[in-house]
Amino acid sequence: MADQFFAEIILPLALPGTFTYEISPADLPYLKIGQRVSVPFGTNKLYTGIVYSIHQNKPELFKTKEIDTILDSEPLVTQIQIKFWEWMADYYMSSLGEVYRNAFPTALKWESETFVKFIGTINKIEEKLSEEEWMVVNALDKKGILAVSEVAKIVERKFAIKVIKSLWEKGILQLDEVLKEKYTPKVELFVKVIPDLKTNEKLFNQSIDKLKNAPKQRETLLQLIVEEAQNPKPIKISAYLKKYGGNHSLFRSLEEKGLVEIYNLEISRIQKVEQDIIDSEQLNLEQNQALRSIEEFFQNDKSVLLHGVTSSGKTEIYIKLIEQFIEEDKTTLFLLPEISLSSQMVQRIRKHFGDKVGIYHSKFNQNERVELWEKTLNDDYKIVLGPRSALFLPFQNLGLVIVDEEHETVYKQTDFKPFFHARDMALVLANFFKAKVILGSATPSLESYHNAQTGKYGYVELTKRFTEVKMPKIELVDLRTAMRTKEITGDISHSLRDAMEETIREKKQVLIFQNRRGFAPVMECLSCGHSPFCPNCDVPLTFHKFSNSLRCHYCGHSQARPYKCSNCQSQELTTKGIGTEQIEVQLQWLFPKLKIARMDIDAMRRKNAYEKTLEAFEEQEIDILVGTQMIAKGLDFSNVGLVGVIRADSMLNFPDFRAHEKAFQLLTQVAGRAGRRNEQGKVLIQTFNPDHEVLQNVTRYDYEKTARDILYERKSFYYPPYLRLIRITFRHAKKDRLDKVSEEFVKLLKPQFDEKYLLGPEEPSIGRIRNLFIKNVLIKIPENASPQKVKNLISKAIESLHTVKAFRSVRIEIDVDPQ
């Protein structure tokens, strides 16, 4: 009997480990680690998996199935990627399949639930099709749309995905964009003059004569000949029409007369840079010293924390470092917290490096993501900019990783597993490539700052703004005094109002920050005190004035604004609290002649709304911009003279051990938007507690004191960075079952932990979301303890719980290093 070979396959499932499949002798020579394969799973499921390893160890306990189809001639996943996935799965206590599902573009994962639909009609098919392909085409012609699992019933299951892939590549069918958005190449119409017309003078004259009664067609034909002579590139019809006018019927008429050929051409969705490339700016003395220090730390194989005040010129240092690594033919990964909110940074990098830059954008559809994946795999880019998901791209020769605004909490993935932190994983990925890492921030996270202070990272400071302009002057406005003396209109103190008037007189612009969207977070009955609550979550509904509705910001529930109380039928309803909509209304009343705009999730839902608002603000078409955190991050405007913060107290009083750290970071960041060019800016922070130590530190830009104070508290009460946290969240629709399971879990762990290291189960501040009740258990891992041992104890406790059938319905989520 010939030697049998088996493959371990990674499947996009929340199940531990890999899955063993038999390799047929015919497939063995062509199978490589990192390739996509289609495999059966269970009784009737089909999945696209990734080859993890090839071996000859025949399983003894179960009968193996055979791999159906090899989908690629070459691997789409590198071996370093697979090692990185494994590391992430192990650290964040998720399965390898969950990492694969999160990392790999949706368009490259074919599975039973994928739907396909027919393009065109049967009588227009010109390609030669196999018998199986005709069977699928006929079925699609009748039904219009089929799932992959249905195709598997029409043809032999083994060939289902292979047949679909073949038809897809021939352009006969497409994956359904509505049900599952998948990859289809972008195709544009191009036109070219038939070659004989340019070489045969007699034919040319006859053709021109033919068009004597169609002057527009003749003009178009002559223009096309000139265009082709001047530029060898293919002529795109849409670009021609934009430049010279006309319509598609002109080209169709010329094609019918046999004078031109219209054809399809697949083009890249990744936009090219049209503007001229500009040189990087000269660094000032402080920046040059910082660059030399960074290079010295890199020589000693240390990651570097670059702590630079807002507008200190960190980006120019990044650009100088990138230039060095490009000279070494190495790739740079440039991580940004939210790339849609960092358009100015993207433009600056692209102006310097042109088409060497690939951008992984949250607004890109699956088609564009596939193209970027393939270009990264081919090492077409020397710089890749993107959010946390860019970590998963198939880099070939990574030399430098930059994590800009490394303190941002959005680097932590919280919506689905694995719950990873991109800053931490950037360090791990860089280690696989022996690449250098630079973490940049004006307000570093305390974890990074602590690592720098203890010598784990190199530490480099920029203490002055690049333009030598002084940092904005920050003042606190006491709301208690303002209310007592009636020096406040609505929620705008007269101090802030007067400062805004003065700023506008000086032809400067104003940013107003309020970290809550909507009009008001609570609507209340004045007769009985009743507030409308979300039917799915334990939160009051937020009132949105512009849509005249009540909404839940947790589950998305929406209902019309009530005009009487549902509890006592009273019509005396009022609102409590303030959101950006309310501030916008108040400002419009105070400044009726000024142009006021709002920037929050609700206002930015329209396509390109964010870019248009930024452009209008940059062109000084907007006088006052009101917004949430969106206006606090990374914006660089030359004409902002004043920043106003409506309420700082809600950030300080949030029930979270990181509240003071986050409040200092956010207030410092939003203050840094003012006076970034020629004149010192001004910042007014309204608060009911102006004596608060954190707010006093903000006015002095005293990051070091803030860090020392918070770190002292963290050490005293056993919180990061002095130990690690693991939060276990339990969710269930029945509260009694949830309570029972969470309590049993704690009982199983109690013998292994000191009580100060095992907290809970506790109900969070919002105890029910989307009709599921929630309980949390927090485990603290001391510095001298083994994190892996603690994770093993957690896994064993969960396994023990799952031996009880009734407990298995409780959803358990493990979050390592919660934010």
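Start by selecting Lys 314, Thr 315, Glu 316, Ile 317, Tyr 318, Ile 319, Lys 320, Leu 321, Ile 322, Phe 325 and Ile 326: these are the buried residues of α12, where buried means under 20% relative accessible area with a 1.4 Å probe, protein chains only. Helices here are DSSP runs of H or I, at least four residues, numbered from the N terminus. A word on the source: this is a predicted model, so local features need pLDDT of at least 70 and side-chain atom pairs pLDDT 80 or more, while totals for chains, interfaces and linings use all residues. Residues are numbered from 1 along each chain as its sequence is written, and side-chain values use heavy atoms, leaving out hydrogens and water.

Now show all of α12, residues 314–327. This helix is mostly covered, with eleven of its 14 residues buried.

Next, jump to α18, residues 494–505. Its buried residues are His 494, Leu 496, Ala 499, Met 500, Thr 503 and Ile 504. Following α18 comes Lys 507, again with a positive phi, near 65 degrees.

Last stop: select α22 (residues 659–671) and α24 (residues 703–716), whose axes come within 10 Å and cross at roughly 165 degrees. Axes are lines fitted to C-alpha atoms over the stretch in contact, with angles from 0 to 180 degrees between N-to-C directions. That makes α22 roughly antiparallel to α24 (an angle over 145 degrees). To see who touches whom (heavy atoms within 4.5 Å), pick His 660, Glu 661 and Phe 664 on α22, then Tyr 703, Thr 706, Ile 710 and Arg 714 on α24.

Methods. Helix = DSSP H or I, 4+ residues; strand = E, 2+ residues; numbered from the N terminus. Parallel < 35°, antiparallel > 145°, perpendicular 65-115°, else oblique. Expected span 1.5 Å × (residues − 1). Buried < 20%, exposed > 50% of the residue type's maximum accessible area, 1.4 Å probe, protein only.
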